[in-house]
Amino acid sequence: MTFWSDPVNFIAAWLRGILAGWGMGAALANILLALSGIIVLVVFALVLDIFLVWVERKVVARFQDRLGPNRIGPFGIFQPFADIIKLIIKEDITPEGADKVVYNIAPVLAATAVILLWAILPLASTIYGVDLNVALLYLVATGALGALAIIMGGWASNNKYALLGAFRMVAIMVSYEVPMVVALLIPAVITGTMSVKGITEFQSGVWIVILSPLAAVIFIISAIAELGRAPFDLNEAESEIVAGFNIEYTGMKFGWFYASELLHSFTFGGFIAVLFFGGYNFFGLEKYPLLGVVIFLAKALFFYWVIMWVKYSMPRIRIDHMLAFSWKFLTPLSLALLIITAVVDKFLAPTNFYMLGMFLTNVVIAWLTIEILRAYGKRQRKAEETPVQPVAEAAHH
Amino acid sequence: MTPVQIIFLLCAALILASALMVVTTRNLIHAALWLVAALFGVAMLYAILDAGFLAVVQVVVYIGAIAILFIFAVMLTRREMRDRGPQLRKDWWLAALLSLLVFAGLAFLLVTQPGVNRSAAVMPEGLDTLGKLGAALVSPDAYVLPFEVASVLLLAALIGAVYVAASKK
Amino acid sequence: MQNAWLYIGLFLIIGIIVPVAPLLISWLVAPKKPNPIKQSTYECGIETVGDSWVQFKAQYYIFALVFLVFDVETVFLFPWALAINKLPLYTVLEGILFILILVAGLVYAWRKGMLEWM
């Protein structure tokens, strides 16, 4: 074992030797090492988060043909640090009639739910928090905690807009968790494991996006909805309900909602990379774990950029369209995809046509979906062309 | 006391305290949130017992769906979040007596069980518990019938909900 | 107890301490000068009318119920998805039957117009 093949265990063994030299018991030393590893991982995530603020502002500025922050440091890179100092020294205002305890717990819970995701994120073949055998459901569980935080914050603020934001968050979560979980089932069917590390190792040969591109698309769409980012940002729609659930939050509490949204997006970018785009695998370069981390972060940043690209290009979706899109399109499509994937996987897994067969199956499903949608659209247009009778009046009741 | 026992006692205390708050707090949303805390404590108990799947399912289904549904229902229907009625019935002592008896009976049964003092056997390293669970769910000599019946039960729940909602209009 | 869950537990503790720390620092250094206008509910400068309770479409509740049923379903499907590679073909069909029974529920809700926005 050298530093280059397994840096974490190399450092851990070295530290363990030092602690044993001080006469510390093995169990206690292990817990201390785990704790220091966790602190390093969490601090890394949060420092990354600080730079994400800068990335987000720079990218949105380029999308809108502006320069973005450019005063503090080269390219304004130290702007977020100034922001943090400002957020910390701002007066913290609790609105009258707010439910103080719930109001204060909500931002902490929002941040905790995102930080917890980093426990299972495989940064490289030997650098990861823990290899959980139920990682996919763990991903869903932390998402539920994040949604709970938004509901708590929206309810406790004692504000109409905040409450509306909380309601809308429930509506989004309720609609998009089903397609997301079914899209998560497809890598589980293909790889036969629920551990994200196992799924990444499976992809050292072929990425799952090639085996099931539709699942990747469904996952990305429902992940954006689950994150509550545009076009699904109904929970904070600035132009309708001012800022939704976080309208009353000031100072660092608002800061945590903002920071956790950005880190959540980046982390989901990472999960898109891990589940469908090979994670830290990149043409054999993953043999060097430090390079693997770079590859992983680059992929995560790319999908974070895709999420931003969608956010700054799309108008906000209307709530009835949002619900219909999930329940009448994504959910049936994902269930059909799951059924067909399971059957095709069963028949083709031992043969040489596995990759080709899976890919073609997805293409056929996508083509059929488009044909059905086209036929439906044609029928709708035809119905609109025929003059509407007063019957439509009666249909309201 | 072993560290696991200490963690277990902390979890148990969390569950009991939260459960007590669920029934005593007068604010309905607070009651739902205390319920979330109690359910989370149960998830931690599953994690201590090495039942990782049950632990995450507890969070996904009970906190992520059922508790949020409770909060949602309260927010949708109640203008007044406070429950102003008296919290105790006249004959509360009867209920207390009954539950005490049930508790005593259960405790007695548990103590007389052989092996109640034994600690759980350690599972072999690398045992594929999830794969075994999946195989048991679909193999005909295990649980395939309950598995399919669960689906029918869920269907019945769904149809019932839709029917009730449709007849209201 | 498995080490993986001990690790998650430690992660949870750190994950709570880290967000609380800046809030505590902020509580120490930030000014505290509350006044009634500052603390009033923000509605873009207009004074609030009534309490914060707003009527919301009760129809959302149907979506929430349908979601609950499907959430429980997908939880059953995860062990199935892990096992099908190692088991004979009919187990795949059993899982598909499980899904189709529930899809019948979705179709029923759809036909009843419960998925329409009114």
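**A close look at one helix pair**

A: Happy to! In this predicted model, helix H2 (residues 26-63) of chain A packs with helix H12 (residues 289-313) of chain A at an angle of about 45°, and their axes are 11 Å apart. Angles under 35 degrees would count as roughly parallel and 65 to 115 as roughly perpendicular, so H2(A) is oblique to H12(A). The crossing of H2(A) and H12(A) is also right-handed.

Now for the residues themselves. From H2(A) come Glu56(A), Val59(A), Val60(A) and Phe63(A), and these meet Trp305(A), Met308(A) and Tyr312(A) in H12(A). Sorted by class, the contact of H2(A) with H12(A) has six nonpolar residues, one charged residue and no polar ones.

Chain A has 15 helices and two strands, H2(A) and H12(A) being among the helices. Of the contacts in chain A with a separation of 6 or more, 76% are between residues 24 or more positions apart. As for burial, 52% of the 397 residues of chain A count as buried.

Finally, the overall dimensions. Along the principal axes, the C-alpha atoms of chain A fill a box of roughly 90 × 65 × 40 Å. A compact globule with 397 residues would have a radius of gyration near 21 Å, and the 24 Å of chain A agrees with that.

Note on methods:
Residues are numbered from 1 along each chain as its sequence is written. Chains are lettered from A and ligands numbered from 1 in the order in which they are written. This is a predicted model: local features need pLDDT of at least 70, side-chain atom pairs count only at pLDDT 80 or more; totals for chains, interfaces and linings use all residues. Axes are lines fitted to C-alpha atoms, for helices over the stretch in contact, and angles run from 0 to 180 degrees between N-to-C directions. Helices (H or I, at least four residues) and strands (E, at least two) are DSSP runs, numbered from the N terminus. Angles under 35 degrees count as roughly parallel, over 145 as roughly antiparallel, 65 to 115 as roughly perpendicular and the rest as oblique. A crossing is left-handed if the near helix is turned anticlockwise from the far one by less than a right angle, and right-handed if clockwise. Two residues are in contact if their C-beta atoms, placed from the backbone, lie within 7 Å. Ala, Val, Leu, Ile, Met, Phe, Trp, Tyr, Cys and Pro count as nonpolar, Asp, Glu, Lys and Arg as charged, and the others, Gly among them, as polar. The radius of gyration is taken over C-alpha atoms; the globule rule is 2.2 Å times the number of residues to the power 0.38. A residue is buried if 20 or more other C-beta atoms lie within 10 Å of its own, exposed if 12 or fewer, and partly exposed in between; C-beta atoms are placed from the backbone.
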